[in-house]
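Work through the exercises below with the sequence and the model open. Try each task before reading its solution.

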Amino acid sequence: MSNRGDHGAALAPDDIDELARRAREGDRDALEALLAEVRPRVLNICRGVLPYSSDAEDACQEAMLNVATRIGGWGGRGRFTTWLHVVAVNSARTTYRRLKNLATPTDFEDGAHDRPDPRTTSVIAGTRLDLLEAMESIEKDHPQYVEPLLLRDVYGLPYDEIAALVDAPLGTVKAQIHHGRKLARPLLRGER
């Protein structure tokens, strides 16, 4: 893994799909090359949610491990990078949950609060983290709304791509995003 994909020309989507197919079939060299190629993309996705580089790195590492161990979950119908996006989003959400649980200091004397609360870091990151917080609440009763809403409102993916990612009809995805936004608005305004 000497070439991490950060420098030089990135592979074309068809080439990434081919590497992923070979990796899914058990080709270890293809898996290594695939992971090296997609790592910068995964890190950028994680940075889109998590404001601290070390937190984004943790989420990226988790996503890369998930790609390596669950590549069989990519069905090969759509682009590998589309499936990868969902894996990265889910890893960022898992990391956020872990951070949120750690952000409530139990003992102020032991220095547990010298790391800033990830929910109050910056206006942009804070807005995204507020959205993640709202998603945590919505997920309890309406889990089907969460992934489409995050893919649309945090990552800006087009509706048709979201429909392909979540394997649902376009109209269903649009309705899920609409209903998810209605549920999220009061949570984002602090009307909990």
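Contact here means heavy atoms within 4.5 Å. This is a predicted model, where local features need pLDDT of at least 70, side-chain atom pairs count only at pLDDT 80 or more, and totals for chains, interfaces and linings use all residues. Residues are numbered from 1 along each chain as its sequence is written, and side-chain values use heavy atoms, with hydrogens and water left out.

**Exercise 1.** Find what Met135 touches, not counting residues up to four places away in sequence.

Solution. Set aside the residues up to four places away. Met135 then touches Val146, Leu149, Leu150 and Ala184.

**Exercise 2.** Describe the largest nonpolar core.

Solution. Start with the term. A nonpolar core is a set of buried Ala, Val, Leu, Ile, Met, Phe, Trp, Tyr and Cys residues joined through side-chain atoms within 4.5 Å. Buried means under 20% relative accessible area, exposed over 50%, and partly exposed in between (1.4 Å probe, protein chains only). Next, the size: the largest core has 53 residues. Leu34, Val42, Leu50, Phe80, Met135 and Leu150 have the most contacts inside it. Then the helices, which are DSSP runs of H or I with at least four residues, numbered from the N terminus. H1 to H8 each supply at least two residues of this core. H4 (80-102) gives the most, with 10 residues.

**Exercise 3.** Work out how H1 and H2 pack.

Solution. Take the geometry first. H1 (residues 13-24) and H2 (residues 28-47) pack at about 135°, their axes 8 Å apart. Axes are lines fitted to C-alpha atoms, for helices over the stretch in contact; angles run from 0 to 180 degrees between N-to-C directions. So H1 is oblique to H2: angles under 35 degrees count as roughly parallel, over 145 as roughly antiparallel, 65 to 115 as roughly perpendicular and the rest as oblique.

Now list the residues. Ile16, Leu19, Ala20, Arg22 and Ala23 in H1 meet Ala30, Leu31, Ala33, Leu34, Glu37, Val38 and Arg41 in H2. The contact divides into 9 nonpolar, no polar and 3 charged residues. Ala, Val, Leu, Ile, Met, Phe, Trp, Tyr, Cys and Pro count as nonpolar, Asp, Glu, Lys and Arg as charged, and the others, Gly among them, as polar.

**Exercise 4.** Is Gln176 buried or exposed?

Solution. Locate Gln176 in H8 (residues 170-188). Gln176 has a relative accessible area of 13%, so it is buried. Beyond its neighbours within four places in sequence, Gln176 is in contact with Gln144, Tyr145 and Pro148.
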